Amino acid sequence: MSSSAMRHLISTAQLTDTELGNLVRRGAEFSDGRVRAGEQLAGLVAGIHFLKTSTRTRTSFSAAALRLGAKIISFGPDDLQTNTGETLEDTAEVLSRMLDILVIRTAGDPAHLHALASQQRMAVVNAMTADEHPTQAVADLTTLLSHFGRIEGLRICYVGEGNNTAAALALTLSRFKGVHLELRTPPGYGLDPLVLQRAQANAMDAGATLVELHSMTSPPEKLDVIYATRWRTTGTSKADPDWMDVFTPFRVTTSLWDKSPEAVFLHDLPAHRGEDVSAEVLDGPRSLAFDQAENKMYAAMAVLEWCAGRS
Ligand code: CP
């Protein structure tokens, strides 16, 4: 790729407030049908490289690229010569001469993506590293904007591990005026302290509030959104054999709606009914979880356009 307008998306931290707002608005325009998918990415070739399992993110980026007129090449975890010792820098140098965009999930160290993004010909999109899941946040904010017509002023409670989804949500929601974000994370499984610090600094600047608590004994009140996440992020196991005892009070059940009867329910999925959320909530009338999953495709359209310099 040779476009000087090419942009990487490795972390939401690299986005200005305007860029983040524009991505979310564009995602919502695709979601609401105000903008139609057409030939926005015609002539481009996107690589879709997933080193870890994925249902939503991989499919959403593949479908988004195809629906916008790009062609795709998919690489599985065993396909590239990085497995036999080729450096990431050499891999990036080669791929960037053939691809316009590389969407990659490592679920590992973000340094992997930074090495791939050391060139400026091919845009690199983070489809999840251990520390952040930026495109999940774009999809989640797209869902909020589509449903509420605004993000400013929403009261949101995130319940579950302070994982890469929680990090991306904290770093993005904290930039919207009047947002109240409460993270209820099990003790010992909270947000990375540096992420919490950065998100609280964002909140201070934006006139938002962000708190993290490690207890569910006094439930949050008057919420607009209750958000749950899988306890075993990408199927990972935990070192503590008794971890389930620590997580059990953080299961999202209908009792959380006693003090927030109008709240909608979000979940980044995959969900485990009876573990992180009750079936009654996930499949109930307040749940937007499957609309949220669909919005991953519309958010992916917005991200691909932006990364390709076509928006
Ligand atoms: N929410 C999410 O990232 O889903 P996948 O792991 O299926 O991509």
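A residue counts as near a molecule if one of its heavy atoms lies within 4 Å of it. With that in mind, let's start at the ligand. The residues around it are S54, T55, R56, T57, R105, H133, Q136, D268, L269 and K296. This is a predicted model, in which local features need pLDDT of at least 70 and side-chain atom pairs count only at pLDDT 80 or more, while totals for chains, interfaces and linings use all residues. Residues are numbered from 1 along each chain as its sequence is written, and side-chain values use heavy atoms, with hydrogens and water left out.

The side chain of H133 places an N or O atom 2.8 Å from a ligand oxygen. For Q136, a side-chain N or O atom is 3.0 Å from a ligand nitrogen. L269 takes part through its backbone, where a polar atom is 2.9 Å from a nitrogen of the ligand. Taken alone, the ligand exposes 250 Å², and the protein buries 93% of that (Shrake-Rupley areas with a 1.4 Å probe).

Now turn to H8, in the segment before α1 (17-32); helices here are DSSP runs of H or I with at least four residues. H8 is buried because its relative accessible area is 12%, and buried means under 20% (1.4 Å probe, protein chains only). Beyond its neighbours within four places in sequence, H8 is in contact (heavy atoms within 4.5 Å) with residues including Q14, A117, W306 and C307.

Note on methods:
Helix = DSSP H or I, 4+ residues; strand = E, 2+ residues; numbered from the N terminus. Buried < 20%, exposed > 50% of the residue type's maximum accessible area, 1.4 Å probe, protein only. Polar contact = N/O pair within 3.5 Å; in protein donor to acceptor, adjacent residues only side chain to side chain.
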